[in-house]
Amino acid sequence: MQTGTARDDAGNPIEEFNSANAGLAGDPNCPYCAGLGYLRRDLPLGHPDFGKLEPCSCRHAKISDQVHKRLFALSNLHQLSNLTFENFNPRGHIGLYRYQVESLERAYSQAQYFAQHLNGWLVLLGGYGCGKTHLAAAIANFAVGMGVPTLFITVPDLLDSLRFSYQDGETTFEQRFEEIRTASLLVLDDFGTQNATAWAQEKLFQIINYRYINRLPVVVTSNLELRDIEGRIRSRLEDPELSIILDIKAPDYRRPSGESGNYELATYGFLSRCTFDTFDLRKKEALKPEEQQSLERAFKAAQEFARNPEGWMVFMGTYGCGKTHLAAAIANYQAEHGRPPLFVVVPDLLDHLRATFSPNSTVTLDRRFEQVRSAPLLILDDLGTQATSAWAREKLYQLFNHRYNSELPTVITTANFPDEMDPRLRSRMEDTHLCTICAITAPAYRGASQKPARSTRRKRT
């Protein structure tokens, strides 16, 4: 049985919803909804359909079919009709870390709740292919199924549609702009990929600000960090009384073996089997006592650091001695506990930085470099194998100096002798107040050591 009593989940009247969602309004003389345009089924708390919106039959007479059709045509939702809640896998692919699965399940549950209530704003952040567009389209398809005039559109397409309206003989710019900003539900996909001209920024702000003032429901997806979004818009997206912000940590479903999201530089996906449990202490090999002891000291130090990452940890030794395994084990331990670090091979890091100079790059050097130098936990593998150009040396020094001054947890692996390093880097790594150096003197697993490390292990004081 349906009831026309307009109340929220706590049983309170929701008169403000009517003014904030004028596009959902029905017939003011309707005996069922009293003009609200929707109904909630009279169900006990805990029922799966409790609080779910259902359109009142009187509302269809209030909706302009022409506007509805134009919004649907702009949305291209017919091409996304296969993206629903029913075919979304909230647990992702096999092999995901627990924190990745949890972020997916949280986003899935929140998206379903939002679709059923259409109240407030939902902001979905994450890397390419993590599922945020699927969830946004599922919300839009659900709303359209309820008869809600919905606009689902990528932000660049939205701006193109506004530009095109200047030459459109059927719809004026003012009409198109009004339809967009007053749509009962607006879903903005790929926010931040638009051309950031002054005109584009102003139009987006006007749309966002209108819907913010009138509390109209909005869904936003973006692969940007919030701090990279224009300040006026970011302040509205971050309003805790209106917005729910979800950061989806799942990797790209197109490349499930890799990492994505805000830590898109991370490369330890292929090292997922490198854990403390799989580390071989080589007790059955004929190692010299001092070699065995160096390996065991490094293993114990890595475990302690993984549990409580403070300061810097440097693993120094010949190629194949196990230092990368230990660094990856630290990364995997932290990731399993919901704190994914940034793990990157130093030459690859420099290549990522150089790639930002390309005209086709979607990220600036400043943003990429800031992502690396400010990572909560940074793991730099194979320091010393990079090209020693002046530019590379300067970038590494800037990276080291920032993390040294900020005392940010850092793990470094290297096969170099200290006297072979840039003295500016070496002086920071030799600070015993911040850095612990574990010299692994055991030979490579694949054969004899080519050049044993000569440094001694330094302890924090």
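A salt bridge here is a side-chain nitrogen of Lys or Arg within 4 Å of a carboxyl oxygen of Asp or Glu. I kept that cut-off beside me while going through a model that is predicted.

**Entry 1. Salt bridges**

I began with the pair Lys249 and Asp247, whose side chains meet in a salt bridge at 3.1 Å, N to O. I then looked up how accessible the two residues are. Lys249 has a relative accessible area of 24% and is partly exposed. Asp247 is partly exposed too, with 25%.

The search of the whole structure returned 13 salt bridges. Next I took Arg232 and Glu202, which form a salt bridge with their closest N and O atoms 3.5 Å apart. This pair links distant parts of the chain: Arg232 belongs to helix α8 (residues 231-237) and Glu202 to helix α7 (residues 198-213), 30 residues apart. Arg232 is partly exposed at 31% relative accessible area, and Glu202 is partly exposed at 32%. I also recorded a network in which salt bridges with shared partners join Glu202, Glu230 and Arg232.

One further pair went into the notebook: Arg227 and Glu225 meet through their side chains in a salt bridge of 3.0 Å, N to O. Arg227 counts as partly exposed, with a relative accessibility of 49%.

**Entry 2. Cysteines**

How many disulfides does a search of the whole structure find? I got zero. Cys130 is buried, with a relative accessible area of 5%, and Cys321 is buried at 0%.

**Entry 3. Sheet with β4 to β8**

I traced an open sheet of five strands in the order β5-β6-β7-β4-β8, with parallel pairing.

I then followed β4 (residues 121-126), which runs parallel to β8 and is joined to it by six bridges. Trp121 has Ser243 of β8 opposite.

Which helices lie across this sheet? I wrote down two. Helix α4 (residues 132-145) lies across β4, β5, β6 (185-189), β7 (218-222) and β8, and runs at about 160° to β5. Helix α5 (residues 155-164) lies across β5 and β6, at about 105° to β5.

**Entry 4. Sheet with β9 to β13**

I found an open sheet of five strands ordered β10-β11-β12-β9-β13, with parallel pairing. The edges are β10 and β13 (435-440), each pairing on one side only. Neighbouring strands here are turned by 15° against each other on average, direction ignored.

Strand β9 (residues 312-317) runs parallel to strand β12 (residues 410-414), and five bridges join them. I looked up Met316 and found Thr414 as its bridge partner in β12. Helix α9 (residues 289-307) lies across β9, β12 and β13, running at about 145° to β13.

**Entry 5. Helices α11 and α12**

I checked how helix α11 (residues 346-355) and helix α12 (residues 365-373) pack, and got an angle of about 155° with axes 8 Å apart. The two helices are therefore roughly antiparallel to each other. On the α11 side the contact is made by Leu349, His352 and Leu353, and on the α12 side by Leu365, Arg368, Phe369 and Val372.

Which residues of α12 are buried? I listed Leu365, Arg367, Arg368, Phe369, Gln371 and Val372. The buried residues of α12 pack against β10 (342-345), α11, β11 (378-383) and α13 (390-406).

**Entry 6. Totals**

Of the 461 residues, 51% are buried. Among contacts between residues at least 6 apart in sequence, 75% join residues at least 24 apart.

Note on methods:
Residues numbered from 1 in each chain as written. Predicted model: local features only at pLDDT ≥ 70, side-chain atom pairs only at ≥ 80, totals over all residues. Heavy atoms only, no water. Pairing = 2+ DSSP bridges. Helix = DSSP H or I, 4+ residues; strand = E, 2+ residues; numbered from the N terminus. Contact = heavy atoms within 4.5 Å. Axes fitted to C-alpha atoms, helices over the stretch in contact; angles between N-to-C directions. Buried < 20%, exposed > 50% of the residue type's maximum accessible area, 1.4 Å probe, protein only. Disulfide = S-S within 2.5 Å. Parallel < 35°, antiparallel > 145°, perpendicular 65-115°, else oblique.
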